[in-house]
Amino acid sequence: MAFCVVSMLPLLLAPVAAVGENPPPKPHVLLLLSDDYGWANFGIHNDGSGPHGKQLQAEISTPNLDKLAKEGVVLDRHYAFRICSPSRSSLMSGRLAMHVNWVNTGITDFNSKDPVSGSGGIPRNMTGMASMLKSAGYKTHMVGKWDAGAATPEHTPWGRGFDNFVGYLQHANDYWQEGIGFTSTGEIDVCLDKFVDFHVYNETFKGGVTLDIAREMGCLKDTAHNQSAATGLAPAINATGCLNASYCLPESCYEEAMLRERALSVIRNHEASSPLFLFYTSHLLHTPLQVPQSYLEQVDKLVLEKGGQPFDTVNRRLYAAMTLYLDDTIGVLVKAMKEMGLWDNTLVIFTSDNGGPIYEPGSANNYPLKGGKYSDWEGGIRTNAFVSGGFVPSARRGSKHSGVISIADWYGLVAELAGVDQEDKAAISANEQLAKLGLPLLKPVDSVPQWKHIVEGTNGRPDTLYISNKAVLKYPYKLVAGDQVYSIWSGQLHPSCRTIKDLEKIGPVVPVLDDVKLFGKKLDLGVPQEKVNALMDIEHCGTGKLFNIEEDPSELKDLSNDPSYANIIKMLQADLAKFNEGLFDPDRGSPVMEACWNAMKIGGYYGPYAHLGGFYSPVKLTHHQVEQNVIAKRDLDYVEKVLLPNRTKQIEWFEEHVGDLRGLFKGETFDKCLRPELTDAQVVV
């Protein structure tokens, strides 16, 4: 339901102006969203206990995040969706994921028969968080990953109310070249993953990040993106930015370095008299695992200084270095906010879009929680989160909040602090026309304004929370149903050499059997279901397993067969069934070639391609871009005329140009044990 908040809150919640006085300034909002952040990869979740606790502490270094969390309020029960695009759509729209978008849909998917919901991400007529805050006088900026729709201009961050956007639109891209090759997104689209996903949208320019724009953000060297090298099982560039021994990109060309510079520019050029909304949504820690060499050297040094042993796997080392980079970036942004005199009236919101991916090569660690990304276990949906900044009441700083919070609730919280109504009038208006056309109606805002509850330490969601089509939570009880992937508990040091050694038999492998697509359709590798169950660590939960996650946060003890919990499980099963009757499931369409032809017109960049209405700035193609288009036209004509009509030919093409995906089941494909001399008895599980 939609909540219209009218309340008299204690003075502790926000300052109230006396009659005749000017109203208090609205807080600046620094919304920090990490990507695929593992529970155990956050320093505050490591106390050094357990058989390998000291080594884990040595490997994970997050001093800036730890400090912010300890100076603010740690949100111990913050829940997101199990994968990224639905969580991001939920965050920006204020709807629970099942009421806005619960699938990762590619940017090329389009259904012309539904002008509102016929593509990926947030439907066009839902009001975004930035639009809402803009109406309250905020200056709105976004830097980083979007992944909430981009088929039309209205779907983009610009269309959702951000005055300025610098970043990328899809699930992931390469950190060095900004292309969306197979190793970034896990799929090959109808454009053969040829184009770059890195953009600038503002009042004066809308288009791709050109060499000149990249230079303004510190990158002084051509990234040498090759459109013809996007579909291989290995990235075109290595983890530290080298194409070969003679051509390496400088650290300033690392995508996160450019995004950091852009965010710093926003902060340093902001007039403190206006409220600021900066949505910094880092690519880190999503695959591909790539990071500057200097950060690998830093984590190696830190581990030894803390008395730890060297990393024993390539991916665990990469993930730790990327975590350190994320932490450094947030530290730099906070420092800039303080230097500009913004900090005392700033609310920092930090969370992740889902739990950490424990499969290879995701390489996160959710210890001691069960499961990870793609699952409804705590490791997949319970995320690292806190609020901090000068706006947090001093009486609450240094505390932990145990009330249940959904990622959808930030929409209502910032609306409340900005003094605007969260009711989505644009969606209500659109529903009048959608009803006449017989198309799916837009759901109302689900967000629960949580500021009062965070400040007072109360549970803002005592009723059943609709987590997904397979899970509900009525704290402290949680129902998990259906088939759940990655149903395992990772050790304190994950992934390990043992993980790599055993991957081909028991997983957890990359979700190649569940979410990898060719031209918008799931790839069938012909693997027997028994093998799938083992490699994806699938647990069959049927109509539901019940857990008391307060007493059993690791979900070790299923209570569903205990007669004393019969009424609780029956109630939650009924709630889940009722919720699923009302899920939002429009026809998102199928891949269209127009997305590719448009990318060629604007210089080789993905972006909106429908209902453009003069959206893009004029582009004069370079000689190199013209040459690339000749090759792209040849290749994509073949896709459109030969491959798309014939699935058999698609599979044949895939096997010839990409390779046999069954090789991804082998540990050494994506990771490497750095200490092969260890015996089985010495290998950490």
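View 1. Cysteine 596 is buried, with a relative accessible area of 0%. In this predicted model, cysteine 596 is bonded to cysteine 191, with 2.0 Å between the sulfur atoms. Cysteine 191 lies in the loop between strand 7 (187–188) and strand 8 (199–201), and cysteine 596 belongs to helix 17 (residues 594–601), so the bond ties together parts 405 residues apart in sequence. The link is left-handed, with -90° about the S-S bond. Cysteine 191 is likewise buried, its relative accessible area being 0%.

**View 2. The disulfide of cysteine 219 and cysteine 253.** The two sulfur atoms are 2.0 Å apart. Cysteine 219 is found in the loop between helix 6 (211–216) and strand 10 (242–244), and cysteine 253 in the loop between strand 11 (247–248) and helix 7 (255–268); the pair therefore joins parts separated by 34 residues in sequence. The S-S torsion is about 90°, so this disulfide is right-handed. Both cysteine 219 and cysteine 253 are buried.

**View 3. The disulfide of cysteine 497 and cysteine 673.** The S to S distance is 2.0 Å. Distant parts of the chain are linked here: cysteine 497 lies in helix 14 (residues 497–506) and cysteine 673 in the segment after helix 20 (667–670), 176 residues apart. A torsion of about 80° about the S-S bond makes the disulfide right-handed. Cysteine 497 counts as buried at 7% relative accessibility.

View 4. Cysteine 84 counts as buried, at 1% relative accessibility.

Key: Residues numbered from 1 in each chain as written. Predicted model: local features only at pLDDT ≥ 70, side-chain atom pairs only at ≥ 80, totals over all residues. Heavy atoms only, no water. Disulfide = S-S within 2.5 Å. Helix = DSSP H or I, 4+ residues; strand = E, 2+ residues; numbered from the N terminus. Buried < 20%, exposed > 50% of the residue type's maximum accessible area, 1.4 Å probe, protein only.
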